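Me: I have a structure open and want to go through a few local features with you. Can we take them one by one?

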Amino acid sequence: MLSYRHSFHAGNHADVLKHTVQSLIIDALIEKDKPLLYLDTHAGAGRYLLSGEHAERTGEYMEGIARIWQQDNLPAELESYISCIKALNPNDKLRFYPGSPLIARHLLRPYDQMSLTELHPSDYPMLRTEFSKDDRARTERSDGYQQLKSKLPPPSRRGLILIDPPYEIKSDYQAVVKGIKEGYKRFGTGVYALWYPVVLRQQIKRMFAELEASGIRRILQIELAVRPDSDRFGMTASGMVVINPPWKLEQQMNNVLPWLHKHLVPSGNGHTKVSWIVPE
């Protein structure tokens, strides 16, 4: 369908959660000297102008990153993530929001590699231009799920695979599970981080049941809800499913989620959750 544009939603509460988890995973992986591959199956445009037409129309970032990026009592778990925001906005004015590829670029080392895929005809040229001078990065306009077959395993046998589809069609919920199973067959020691929206809870429950039935172990769920579940149109929560999470991630998210919920959802609605879909 290719109608989804992340520029309408950049910097919202779902991005805050997703990029917090992404940053903590990268921080853990770079503690070892060995190189790694960062594979982004649905990379988007790379960076987003928050004063642009799309972001201004929805204003979602005002209830997301704008609420936390200049807080004085920032938890340690958010330092790497917020450093990416500040690097892109050096004058204390929030003009740009980094997508997941830019967050990875900011945190990765000179000898790490990035494989970035985007299919949208408007977003891909921006992604390609953004990374045209970065020797670590390879950009492709192609189906991100195919990368889980063609790019894995990496020569280094270390990597983070971020899977962040638009969920434009219902079959995306099955496609992500199929893609993860394909990737895991080839690269069982990689860290897989899957973002999901909660629009209808039953879709998420079915996706989790398929993940449980896959035989894959060590599957962690991290979720932040800004409203109770509802049958009405709209996203009430979002989450990350992390396969092979770094050992510190569960505790880190238990530490930081209450703070995020307090600042992102001043009304106190919704919930936070860190639990194992499948334990070790």
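Reply: What follows covers helices, aromatic pairs, backbone details and a pocket, all in a predicted model.

Me: Start with helix α5. Which of its residues are buried?

Reply: Helix α5 spans residues 123–130, and its buried residues are Asp123, Tyr124, Leu127 and Glu130.

Me: Where do they sit around the axis?

Reply: They are on the same side of α5, because they cover an arc of only 125° around the axis. As background, an α-helix has 3.6 residues a turn, so residues three or four places apart point the same way.

Me: Switching to aromatics. How many pairs are there in the whole structure?

Reply: The search finds four aromatic pairs. One of them is Tyr184 with Tyr192, a tilted pair at 6.4 Å centre to centre with 50° between the planes.

Me: What about Tyr196 and Phe208, what kind of pair is that?

Reply: Edge-to-face, because the planes of Tyr196 and Phe208 are at 90°, with the ring centres 5.5 Å apart. Tyr196 belongs to strand β7 (residues 191–198) and Phe208 to helix α8 (residues 201–213), so the pair ties together parts that are twelve residues apart in sequence. Both Tyr196 and Phe208 are buried.

Me: Which residues do ring pairs link into a cluster?

Reply: Tyr167, Tyr173 and Trp195.

Me: Now the backbone. Where is the cis peptide bond?

Reply: Between Leu152 and Pro153, with omega at about 0°. Pro153 is in the loop between α6 (144–150) and β6 (159–163).

Me: Is Arg157 buried or exposed?

Reply: Exposed, at 51% relative accessibility; the cut-off for exposed is over 50%.

Me: And Asn244, what is its phi?

Reply: Phi of Asn244 is near 60°, again positive in a residue other than glycine. Asn244 lies in the loop between β9 (237–243) and α9 (249–264). Asn244 is buried, with a relative accessible area of 12%.

Me: Last topic, the second largest pocket. How much space lies in it?

Reply: About 340 Å³.

Me: How many residues line the second largest pocket, and which lie nearest its centre?

Reply: The lining has 17 residues, and those nearest the centre are Ala28, Leu29, Lys32, Arg158 and Pro246.

Me: How does the lining split by class?

Reply: Seven of the lining residues are nonpolar, four are polar and six are charged.

Key. Residues numbered from 1 in each chain as written. Predicted model: local features only at pLDDT ≥ 70, side-chain atom pairs only at ≥ 80, totals over all residues. Heavy atoms only, no water. 1 Å grid on protein atoms, 1.4 Å probe; cavity = no way out; pocket = protein on both sides within 12 Å on 5 of 7 lines; lining within 4 Å. Points joined across faces, edges and corners; volume = space filled by probe spheres on them. Nonpolar A, V, L, I, M, F, W, Y, C, P; charged D, E, K, R; others polar. Buried < 20%, exposed > 50% of the residue type's maximum accessible area, 1.4 Å probe, protein only. Helix = DSSP H or I, 4+ residues; strand = E, 2+ residues; numbered from the N terminus. Arc of directions from axis to C-beta. Phe/Tyr/Trp six-rings, centres within 6.5 Å; stacked < 30°, edge-to-face > 60°.
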